[in-house]
Amino acid sequence: YRQFDVMAQLKLRTDRELFASYTQSRARGDLNDFGKFLGTVPVPVIPENAYGTLSADLPHRLLAWGVFRLTKTIQAAPVIEYRSGFPYSELTASQQYYGIPNSHRYPHFLSIDSRISKDIKINAKYSVRVSLASFNLTNHFNPEAVHPNVADPAFGYFFGHRGRRFTADFDFLC
């Protein structure tokens, strides 16, 4: 694994900070890692041994995040992530590599998330933080799985996309 990382911090005021990170990396190794065969499968399919790009390889990743106090009790925390897609291998019907292992990639990933929170004082010692979080605000197609089997009628179809979503929660603060 080789990695080059650049990070920056911009402090606008004591209550407003912005961070940014860019990582360029390359991960190569033995593709028949013993860890991927552990589990409940009684007879695992073990492909022919190969050396190449690992499934966790991300050549480019840009991440930016910050915390901004908007008022005395309200703050916003945005997060932006853009990265290369993870690699995957095309497989035959017998689950053997078809072509060069991990030579294909998922689509690029983009997610813009944000959290806005408000602190509400209960008494001198305790507070409650109520927040609304949003994920994938642009509703960018970020699939989590692919049909890699060349014999599958759905071969090459990406799926498992989590669209735009919102959550609300609260925390007790001491």
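Okay, quick definition before we start: buried means under 20% relative accessible area. By that cut-off Y106 is buried, because its relative accessible area is 18%. And keep in mind that this is a predicted model.

So let's stay with the rings for a bit. Searching the whole structure turns up six aromatic pairs. One of them is F19 with W65, a stacked pair with centres 5.4 Å apart and 15° between the planes. F19 sits in strand 2 and W65 in strand 5, so this pair ties together parts that are 46 residues apart in sequence. W65 itself is partly exposed, at 26% relative accessible area.

Back to Y106, then. Its ring pairs with F158, and because the planes are at 55°, with 5.4 Å between centres, that pair is tilted. Y106 is in the loop between strand 8 and strand 9, F158 is in strand 12, and so the two tie together parts 52 residues apart in sequence. F158 is buried too, at 17%.

Next stop, S89. You'll find S89 in the loop between strand 7 and strand 8. At 11% relative accessibility, it counts as buried. What does the side chain of S89 reach at 2.6 Å? That would be the backbone nitrogen of N102. Leaving aside neighbours within four places in sequence, S89 is in contact with Y97, P101, N102 and P148.

Last thing, the surface. There's a nonpolar patch made of I120, I122, Y126, V130, F170 and F172, together about 610 Å² of accessible area. I120, for one, is in strand 9 and is partly exposed at 39%.

Notes. Residues numbered from 1 in each chain as written. Predicted model: local features only at pLDDT ≥ 70, side-chain atom pairs only at ≥ 80, totals over all residues. Heavy atoms only, no water. Helix = DSSP H or I, 4+ residues; strand = E, 2+ residues; numbered from the N terminus. Buried < 20%, exposed > 50% of the residue type's maximum accessible area, 1.4 Å probe, protein only. Polar contact = N/O pair within 3.5 Å; in protein donor to acceptor, adjacent residues only side chain to side chain. Contact = heavy atoms within 4.5 Å. Patch = residues over 30% accessible without salt bridge, like charges linked within 9 Å, V, L, I, M, F, W, Y side chains within 5 Å. Areas by Shrake-Rupley, 256 points an atom, 1.4 Å probe, with all protein chains shown as cover. Salt bridge = Lys/Arg side-chain N within 4 Å of Asp/Glu carboxyl O. Phe/Tyr/Trp six-rings, centres within 6.5 Å; stacked < 30°, edge-to-face > 60°.
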